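Here's a walk through one protein chain, with an eye on what packs against what. Have the model open alongside as you read.

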Amino acid sequence: MKPLIYHNPACGTSRNTLAMIEASGETPDVIEYLNTPPTRERLVELIAMMGITPRELLRRKGTPFEELGLDDPALSDDRLIDAMMAHPILINRPIVVTDKGARLCRPSELVLALLANPVATFTKEDGEVVRADGAVHE
């Protein structure tokens with residue numbers, strides 16, 4: 001299967017993740033999820049594939065997280081998913097799906113474990129150099 005990335009081009013982490021996929025010789029399917037949000041069924045499927053909870057997928061920074069009161073621990077998973085469906089900016093990114101699984105790639109170098117032939121080294125936009133073996137160099 002071709003890698004799939006739920007991407008936000010305004011996000012540096014998302015841009016770095018996409019660039020690492022491409023530097024590894026892959027041409028992913030790119031879904032700009034703010035323009036084309038996943039269906040509720042797909043979002044639930046992605047959460048299950050990643051082995052995380054809806055709360056773990058919520059993005060706080062630059063979103064209506066606080067004003068919607070989403071930090072309330074009493075809110076159900078369904079309510080959190082409802083909020084992400086109503087406000088896709090609440091879905092943290094980037095999410096990458098490959099034959100090796102699905103993962104929220106924060107930090108971006110987490111994508112390397114999902115790729116068939118990950119690039120050995122990659123320089124992020126901020127100049128940080130990451131290696132497929134997990135070492136990080138400034």
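## Around Met84

Leave out its neighbours within four places in sequence, and Met84 is in contact (heavy atoms within 4.5 Å) with Leu43, Pro54, Leu57, Leu58, Leu90 and Ile91. This is a predicted model, where local features need pLDDT of at least 70 and side-chain atom pairs count only at pLDDT 80 or more, while totals for chains, interfaces and linings use all residues. Residues are numbered from 1 along each chain as its sequence is written, and side-chain values use heavy atoms, with hydrogens and water left out.

Met84 also turns up among the residues with the most contacts inside the largest nonpolar core, together with Leu57 and Ile95; that core has 21 residues. A nonpolar core here is a set of buried Ala, Val, Leu, Ile, Met, Phe, Trp, Tyr and Cys residues joined through side-chain atoms within 4.5 Å. Buried means under 20% relative accessible area, exposed means over 50%, and partly exposed sits in between (1.4 Å probe, protein chains only). Which elements give two or more residues to this core? They are β1 (4–7), α2 (40–50), α4 (77–86), β3 (95–98) and β4 (101–104). Helices (H or I, at least four residues) and strands (E, at least two) are DSSP runs, numbered from the N terminus. Apart from this core lies another, of 13 residues, with Leu18, Val96, Leu112 and Leu115 among them.

## How α2 meets α4

The axes of these two helices, α2 and α4, come within 11 Å and cross at roughly 120°. That makes α2 oblique to α4: angles under 35 degrees count as roughly parallel, over 145 as roughly antiparallel, 65 to 115 as roughly perpendicular, and the rest as oblique. The axes are lines fitted to C-alpha atoms, for helices over the stretch in contact, with angles running from 0 to 180 degrees between N-to-C directions. On the α2 side, Arg40, Leu43, Val44 and Ile47 meet Asp78, Ile81, Asp82, Met84 and Met85 in α4.

How many disulfides does the structure hold? It holds 0, a disulfide being a pair of cysteine sulfur atoms within 2.5 Å. The sulfur of Cys11 is 11 Å from the closest cysteine sulfur, in Cys105, so that is too far for a bond. Cys105, likewise, is in no disulfide. Cys11 is buried at a relative accessible area of 6%, and Cys105 is buried at 0%.

Most residues other than glycine have a negative phi, and most peptide bonds are trans.

| Cis peptide bond | Omega |
|---|---|
| Arg93 to Pro94 | near -5° |
| Arg106 to Pro107 | about 5° |

Pro94 lies in the loop between α4 and β3, and Pro107 in the loop between β4 and β5.

Ala116 is also found in the loop between β4 and β5 (121–123). Is Ala116 buried or exposed? At 52% relative accessibility, Ala116 counts as exposed. Beyond its neighbours within four places in sequence, Ala116 is in contact with Glu26 and Lys100.

Leu68 sits in the loop between α3 (54–57) and α4, and at 29% relative accessibility it counts as partly exposed. Not counting residues up to four places away in sequence, Leu68 touches His87 and Leu90.
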